[in-house]
Amino acid sequence: MPLPEPRKFTPEEIARLKERVESALEKIRPAIQMDGGDAELIDLTPEGVVVVQLRGHCETCSLSPMTMKLGVERLIMEDVPEIRAVESV
């Protein structure tokens, strides 16, 4: 039996979720910026996938996957539980 299609968020819901994701990023951004990097919200899909880009020193840092997974993704998923996944570009 196939899994049901995930619910898609409306444009209004996406706008509200983006605000909450930005608030979550503001919590972690100072720590990332202390190391010369930054995190930018690129998109939030109707399926609930957040797309974030690490910038600055984070782009070339060997620890950026850990920063993404243990820092950015964890915080977003805690603060905005409706989000299904966080991906980096």
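A nonpolar core is here a set of buried Ala, Val, Leu, Ile, Met, Phe, Trp, Tyr and Cys residues joined through side-chain atoms within 4.5 Å, where buried means under 20% relative accessible area, exposed over 50% and partly exposed in between, with a 1.4 Å probe and protein chains only. The model is predicted: local features need pLDDT of at least 70 and side-chain atom pairs count only at pLDDT 80 or more, while totals for chains, interfaces and linings use all residues. Residues are numbered from 1 along each chain as its sequence is written, and side-chain values use heavy atoms, with hydrogens and water left out.

**Core**

The largest nonpolar core has 22 residues, and Val21, Val50, Val52, Val72, Ile76 and Ile83 touch the most other members. At least two residues of this core come from each of H1, strand E1 (37–44), strand E2 (49–56) and H2; H1 gives the largest share, seven residues. Helices (H or I, at least four residues) and strands (E, at least two) are DSSP runs, numbered from the N terminus. In soluble globular proteins, nonpolar side chains tend to be buried together.

With contact taken as heavy atoms within 4.5 Å, and residues up to four places away in sequence not counted, Val52 touches Met68, Val72, Ile76 and Val86, among others. Met68 lies in helix H2 and counts as buried because its relative accessibility is 7%. Beyond four places in sequence, Met68 touches Val52, Leu54, Glu73, Val86, Glu87 and Ser88.

**Lys18**

Lys18 sits in helix H1 (residues 11–34). Lys18 counts as partly exposed because its relative accessibility is 31%. Its contacts, again without residues up to four places away, are Leu41, Asp43 and Leu44.

Two C-alpha to C-alpha separations are tabulated.

| Pair | Apart in sequence | Apart in space |
|---|---|---|
| Lys18 and Cys61 | 43 residues | 26 Å |
| Met68 and Val86 | 18 residues | 8.7 Å |

**Pocket**

On a 1 Å grid over the protein atoms alone, a pocket is an open set of points where a 1.4 Å probe fits, with protein on both sides within 12 Å along at least five of seven lines; lining residues have an atom within 4 Å of a point. The largest pocket has a volume of about 180 Å³, the volume being the space filled by probe spheres set on the points. Its lining includes Ile28, Asp35, His57, Cys61 and Thr67. H1 and helix H2 (64–79) each supply at least two lining residues, and H1 has the largest share, three residues. The lining divides into six nonpolar, three polar and one charged residue.

Note on methods: Ala, Val, Leu, Ile, Met, Phe, Trp, Tyr, Cys and Pro count as nonpolar, Asp, Glu, Lys and Arg as charged, and the others, Gly among them, as polar.
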